[in-house]
Amino acid sequence: MINVQTVIFSVLLYIGGMFLIAFIVDKKVAENKKSKLVNNPLIYSLSLAVYCTSWTFYGSVGKASSSGLLFLTIYLGPTLMVTLWWVFAKKLIRVKEKYHVTSIVDYISGRYDKSERIAFIGAVVVLLSTIPYIALQLKALVSTFIIITGFEDKPNLSEVKFLVAWGTVALMGLFTILFGIRKLDPTERHPGMIFVLAIECVFKLFVFLCVGIFVCFWLNDGFFEVLRKIPEVVPNEYSFMGHQDGGLITWISYTILSASAIIFLPRQFHVAIIENYQENHVSTASWALPSYLFLINLFVIPISIVGISLGLSSTDQYVLTIPYLHGVEFLSLLTFLGGFAAASGMIMISTMTVATIITNHIYLPLVTRATDQRLFTRFILPVRWICAILTISASCIYMQVVGEKYALVSMGMISFTGALQFMPLILGSIFWKKGNKLGAMFGLLSGSLIWFYTLYFPTFIKSGYIQSDILEEGLFGITLLRPESLLGLSGIDPLSHAVFWSMFFNIGAYVTISSLFKRSQSEEQIVNEYLNLFEEREDFQAILPETAETNILLIGKKKIIEEILIRYYSELEIESECTKILDEAKVLNREMVNILELSELRAVFENKLAGLLGAAVAHKVVGASGLLNVTERNNLYKYYSDTLAEYSISPSELHTRVNFYREKEKLVSNQYQELEGLVDLRTNELIERNIQLEKSIKKINTMREQLIEQEKQASLGNLVAGVAHEIKNPLNFINNGSKAILFKIDELSDIFLKGDFDQIDRLEIVDSFEDIAISSELISRHGERASNIISHMLLLSREKGQTKEYFNLKELIYKNYQLQLTTFKDKHSTHINEIIRMDEIGDMFGCPSNLGRAIYAIFENSFYEFSKCYEIDKEFIGEIEISLSISKGNIKLVISDNGRGIPENMLERVWEPFFTTKPSSEGTGLGLSITYESIRIHNGTVKVSSSQEKGTEFTIVFNNCDIKQNDKVAS
Amino acid sequence: MYKEIKQIKNIIDVLLLKDEFLYLLSVFYFLLFSWPFVAIENMEYPVAIVVYLFFTWFSCIVILFYISRLRKKFKKN
């Protein structure tokens with residue numbers, strides 16, 4: 001048991017905290033209208049969770065304990081409905097913004113020709129459907145207060161209940177007035193209240209999760225362990241755990257009811273539509289609200305199972321009694337406050353909505369009939385306060401009359417069915433153009449009467465306040481009129497029964513009468529305006545024609561506006577409100593206006609008043625004000641008819657054309673959307689391809705780098721192997737030769753030590769000296785060869801380091817050719833046929849020594865071939881052809897011979913270091929490597945073509961050479 | 001293969017953006033939520049039904065979240 005003072009102090013502390021938060025938020029938003037504190041999708045989504053009242057907090061567990069999974073429909077239905085919010089909630093928001101809609105009743109009344117009668121019926125339905133809902137919140141608060149403070153067993157229980165109930169009424173009344181009914185214009189948003197709602201929603205979710213975790217993980221071994229107890233703790237025929245007779249109908253009825261309730265309950269409509277800042281917030285709410293509902297229901301079944309297994313009696317209070325019985329007082333107090341948060345949020349917002357609806361659609365239409373309206377209309381705000389107090393008081397009485405006999409959920413479902421009566425009218429207003437005022441009125445009236453008779457009325461019978469025979473025998477003893485078996489329909493639960501018949505009559509009357517009767521002219525205009533909003537058509541800019549005469553004095557019209565405003569506003573506010581209206585109508589500071597401007601002023605003024613009084617009363621008040629008198633109205637009609645006559649279009653033709661252009665616009669809009677979709681598709685594809693391409697390029701670059709690295713490694717390997725091989729051979733000879741010399745020297749030493757040389761000794765000495773000479777010669781030759789290799793390698797490594805200068809390439813070629821030719825002729829007495837065609841190309845910029853060695857190596861190979869051919873055939877005559885030319889800065893040098901040629905399989909390898917077809921004593925295999933490297937660093941390329949026994953041709957091309965004209969070229 | 005999958009994903013995205021898809025989604029999940037109460041005998045698999053309903057509900061929320069992101073992205077583009 002927790003001390004009463006502690007509980008009351010906690011509640012007051014909680015209320016104080018919430019009020020402080022609301023006050024601060026209101027102040028912040030007033031200072032900065034663009035503040036994102038409340039104008040953000042998260043706060044919007046959380047505030048929508050006001051749907052989860054104490055019914056959810058306590059009642060879900062109660063329902064789960066008695067009816068298994070049926071409680072889930074209350075949250076699955078909203079999830080399904082929220083899926084469609086993209087389609088219609090946004091349209092409702094647009095209408096609200098444009099026409100200053102104040103409530104769900106105002107929306108219906110506004111759409112159906114601003115009908116006061118529809119508004120009145122709607123207001124009564126709202127009042128009747130809200131009372132049980134607030135009653136169930138009060139019931140939850142009272143019963144949990146009694147449990148937590150331990151008054152259950154006290155003898156004065158009924159007095160305590162009475163006191164607590166009316167104390168709560170007073171507290172909630174005050175709370176609601178302070179939070180929600182401080183402003184006159186109900187379309188103005190309540191940022192502080194919405195922020196508090198969001199915090200309350202977070203708080204109750206947190207508390208519920210705490211209780212769930214306590215039950216599953218503190219008292220038991222986990223979530224699934226508790227679930228496994230289901231067959232043990234509940235009987236086998238436990239309902240709604242699968243298929244059973246009639247179960248599906250009830251399941252579907254509950255789902256439909258809850259789906260409609262998430263938007264058509266007056267408070268839900270207020271939070272979702274009236275308090276909405278931006279259409280786009282709906283998008284976030286579409287997943288955030290179902291997520292909230294999912295989380296708050298996660299532990300309902302485990303808590304229910306644990307409650308049943310503990311043998312607790314009152315199923316609705318399991319959430320509180322389980323921690324309370326286990327002595328966890330802090331959690332119990334927290335749970336009580338969570339339930340209080342859930343109930344207070346709902347009571348506050350519902351009472352505010354009902355107070356506005358009753359004032360605007362019951363009180364004001366009545367007082368506008370009075371002769372001195374001002375007497376009644378000056379006090380709209382206090383009237384709203386009284387309405388709020390009366391609504392909560394009526395709920396308290398209902399709770400005391402009916403509440404004891406009904407579970408929380410049953411009371412809630414009565415409200416849900418009441419709210420369902422608005423669904424056909426609102427969906428019809430969006431999706432069915434033909435729906436009209438008469439159809440809507442009869443639909444709402446018949447549906448509401450059936451709802452009242454089949455569901456609301458029986459609650460009083462079952463509570464014993466009305467003769468109980470009616471339930472059994474029907475009204476006036478007519479069995480067909482039995483409230484829970486109307487027209488003989490029996491075998492389904494009372495709720496499904498009420499849903500079926502109320503919808504049957506509601507939709508039936510709405511569709512039938514709307515189809516039979518035509519809309520009035522004014523209603524036609526409203527439907528078109530709504531359609532424009534729904535289809536996001538842009539408003540046409542009014543073009544003032546020259547023909548409209550500016551002859552109406554504005555001062556008289558301003559006086560009329562002020563006379564109306566004075567009924568609702570203080571004298572201080574009138575001037576500023578009037579200025580706002582004139583400014584919005586774009587006639588501020590004007591003396592005279594034309595008929596079209598006056599018509600616009602009237603529309604703006606009516607719109608402004610609609611935000612205060614509701615569409616129906618505003619229309620009536622402005623209509624009766626004479627703002628647009630009979631003459632002016634006739635002038636307006638005349639103006640329109642003249643305009644039509646001017647264009648020579650009959651009204652039917654005008655309609656046809658307008659329809660045609662609308663269809664066309666719709667088609668273009670659809671095509672535009674399709675195209676946007678396709679463009680998006682293609683863009684995505686291109687982005688994907690681009691990403692793939694980038695990846696491929698990156699991969700190729702990596703592979704190229706790897707290949708280059710491998711090539712480098714391979715070249716290095718080849719070079720090292722070549723060097724090792726080429727140096728090793730001479731070194732072997734040198735080593736062997738030196739060993740042989742040492743051996744011979746040893747032998748000679750032995751002979752000389754003997755002193756006495758015979759003939760044999762002499763011969764051995766001679767032989768030894770000969771061997772030493774041979775070995776020395778070998779050492780000398782191979783040492784020279786090794787030295788030669790090293791020199792060539794040094795040349796190869798120094799290629800890049802040489803300084804560059806302008807030199808005559810032709811002379812360089814010729815000099816090297818002559819050098820080789822002379823050497824050849826010294827050895828061989830044969831003739832060489834030479835064809836030399838070298839153009840004067842000027843001086844080339846480069847390294848003459850490098851290029852000289854390169855060209856020398858080519859000539860060396862050619863003359864080597866001539867030598868070999870001559871050795872084979874003494875009749876051989878060598879032929880060499882040298883050609884040098886220049887074209888577009890590119891120098892081309894071709895050297896060909898008629899030697900033996902290079903075998904095809906060796907052509908590719910001629911540039912490799914140490915590759916040679918010559919015997920090791922005649923070549924190092926580095927000549928052509930040096931040639932290749934020298935030409936490459938001169939930005940040139942060299943190619944070799946050869947065919948065996950015919951000769952070899954080297955083609956060298958120097959690209960984009962830096963050439964300087966010399967004297968020879970000039971001459 | 002990856003390319004084909006991406007193309008299919010793009011087509012699905014375009015479909016998800018259509019209002020008509022929302023009607024279908026709503027009806028589809030209504031059927032999914034009601035299915036155990038048509039097909040499974042009462043109390044035969046109580047834990048499985050609970051897990052099934054919550055899992056189906058969660059999947060619906062995930063789809064709604066994805067559509068919400070998609071619409072936001074589409075509007076931004």
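User: Which residue stands opposite D843(A) in β5(A)?

Analyst: N808(A) does. The model is predicted: local features need pLDDT of at least 70, side-chain atom pairs count only at pLDDT 80 or more, and totals for chains, interfaces and linings use all residues. Residues are numbered from 1 along each chain as its sequence is written, while chains are lettered from A and ligands numbered from 1 in the order in which they are written.

User: Why are β3(A) and β5(A) called paired?

Analyst: Strands pair if DSSP finds at least two bridges between them. β3(A) and β5 (residues 843–846) of chain A have four bridges, so they meet that rule. Their sense is antiparallel. Strands here are DSSP runs of E, at least two residues; helices are runs of H or I, at least four; both are numbered from the N terminus.

User: Why is the crossing of α8(A) and α17(A) called right-handed?

Analyst: A crossing is right-handed if the near helix is turned clockwise from the far one by less than a right angle, and left-handed if anticlockwise. The crossing of α8(A) and α17(A) is right-handed, at roughly 65°. The axes come within 9 Å. Axes are lines fitted to C-alpha atoms, for helices over the stretch in contact; angles run from 0 to 180 degrees between N-to-C directions.

User: Which residues of α8(A) meet α17(A)?

Analyst: Among them are M172(A), F175(A) and F179(A). Contact means C-beta atoms, placed from the backbone, within 7 Å. Ala, Val, Leu, Ile, Met, Phe, Trp, Tyr, Cys and Pro count as nonpolar, Asp, Glu, Lys and Arg as charged, and the others, Gly among them, as polar.

User: How many residues does each chain bring to the contact between A and B?

Analyst: Chain B gives 38 and chain A gives 39. α4(B) supplies the largest share of chain B's side, 15 residues. That side has 25 nonpolar, seven polar and six charged residues.

User: What confidence does chain B have?

Analyst: Its average pLDDT is 86. That score is the predictor's confidence in each residue, from 0 to 100. In chain B, helix α1 is lowest at a mean of 80, and helix α2 is highest at 92. The complex gets an ipTM of 0.95 and a pTM of 0.68.

Methods: Contact = placed C-beta atoms within 7 Å.
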